[in-house]
Amino acid sequence: MAILDIKKAGDPILKEKCTPVEFVDKKLKRLLDNMAETMYKAEGVGLAAPQVGETIRAVVIDVGDDHGLIELINPVITEREGEMDGTEGCLSVPDIFGEVKRSAKVTVEYTNRNGKRRKLTAEGLLSRCIQHETDHLEGKLFIDIAESLHKGGQE
Ligand SMILES: [Zn+2]
């Protein structure tokens, strides 16, 4: 496995709409492995493929709950419920945090690394993370939709 370079805000690749994954092949599995390793090393809870320079629809997430590592290929949010406020950060936007309104509960349909279509319903941090990461696939960063931004450290 390898640690990948994380693209930072200002890099035009982060503004691109990503293309669907056609085949779950060795190359994609290797990318997912490297993305997970990169996310853990950077102490993030999620990482989307465009953040490491690949404009394809794939993300990895681990919010430290019972789900462990989640790999979402071609994720589509099919249901949304409620609303929640919360603070977000992003490995591509170091030291900046923002208040972002998100759906409280989402259901996401995705392909797993075995090529099977699956469905996951999430609340709380995992729900927030799924929305943040799928936004990356549309070329959208949380700083574009945050109601307010502040520098890192304690408020
Ligand atoms: Zn992000």
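This is a predicted model: local features need pLDDT of at least 70, side-chain atom pairs count only at pLDDT 80 or more; totals for chains, interfaces and linings use all residues.
Local features were taken at pLDDT of at least 70 and side-chain atom pairs only at pLDDT 80 or more, while totals for chains, interfaces and linings use all residues. Residues are numbered from 1 along each chain as its sequence is written, and side-chain values use heavy atoms, with hydrogens and water left out.

Helices (H or I, at least four residues) and strands (E, at least two) are DSSP runs numbered from the N terminus. Strands are taken to pair if DSSP finds at least two bridges between them. Five strands, in the order E1-E2-E3-E6-E7, form an open sheet with antiparallel pairing. Strand E1 (46-48) and E7 stand at the edges with a single partner strand each, so one side of each is left without a neighbour in the sheet. On average, neighbouring strands of this sheet are turned by 40° against each other, direction ignored; axes here are lines fitted to C-alpha atoms, for helices over the stretch in contact, and angles run from 0 to 180 degrees between N-to-C directions.

Within this sheet, E2 and E3 pair in the antiparallel sense over 4 bridges, and Val-60 stands opposite Glu-71 in E3. The antiparallel pairing of E3 with E6 runs over 6 bridges. Val-76 has Glu-109 of E6 as its bridge partner, and Ile-77 has Val-108 of E6. Arg-80 is also found in strand E3. At 52% relative accessibility, Arg-80 counts as exposed, where exposed means over 50% relative accessible area, buried under 20% and partly exposed in between (1.4 Å probe, protein chains only). Not counting residues up to four places away in sequence, Arg-80 touches Ser-103, Lys-105, Val-106 and Gln-131, a contact being defined by heavy atoms within 4.5 Å. Arg-80 and Lys-105 are 25 residues apart in sequence, with a C-alpha to C-alpha distance of 5.7 Å.

A further open sheet has 3 strands in the order E4-E5-E8, again with antiparallel pairing. E4 and strand E8 (148-151) are its edge strands, each pairing on one side only. The twist from one strand to the next averages 30°. Strand E5 (residues 93-99) pairs with E8 over 4 bridges in the antiparallel sense, and the bridge partner of Phe-97 in E8 is His-150.

Helix H2 lies across E1, E2, E3, E6 and E7 and runs at about 125° to E7. The 14 residues of H2 should span 20 Å at 1.5 Å a residue, and the end C-alpha atoms are 21 Å apart, which agrees; the expected span is 1.5 Å times one less than the number of residues. Of these 14 residues, 12 are buried, so H2 is largely enclosed by the rest of the structure. H2 is followed by Gly-139, whose phi is positive, near 80°.

The nonpolar cores are sets of buried Ala, Val, Leu, Ile, Met, Phe, Trp, Tyr and Cys residues joined through side-chain atoms within 4.5 Å. In the largest core, of 17 residues, Ile-61, Leu-72, Leu-120, Leu-126 and Ile-130 touch the most other members. Two or more residues each come from strand E2 (58-61), strand E3 (70-81), strand E6 (105-111), strand E7 (117-123) and H2. H2 gives the largest share, 4 residues. Leaving aside neighbours within four places in sequence, the contacts of Ile-61 include Met-39, Val-45, Leu-72, Leu-126 and Ile-130. A second, separate core of 13 residues includes Val-21, Leu-28, Met-39 and Leu-47.

The zinc ion has as protein donors Cys-90 (SG), His-132 (NE2) and His-136 (NE2), at 2.1 to 2.3 Å. Donors are N, O and S atoms within 2.8 Å of the metal (3.2 Å for Na, K and Ca); water is not among the atoms, so sites may look incomplete. Along the chain, the donors of the zinc ion follow the spacing C-x41-H-x3-H. Cys-90 lies in strand E4 (residues 87-90) and His-132 in helix H2 (residues 124-137), so the pair ties together parts that are 42 residues apart in sequence. Both Cys-90 and His-132 are buried. His-136 is likewise found in helix H2 and, at 1% relative accessibility, counts as buried. Beyond four places in sequence, His-136 touches Glu-16, Cys-18, Ala-48, Pro-50, Gln-51, Cys-90 and Leu-141.
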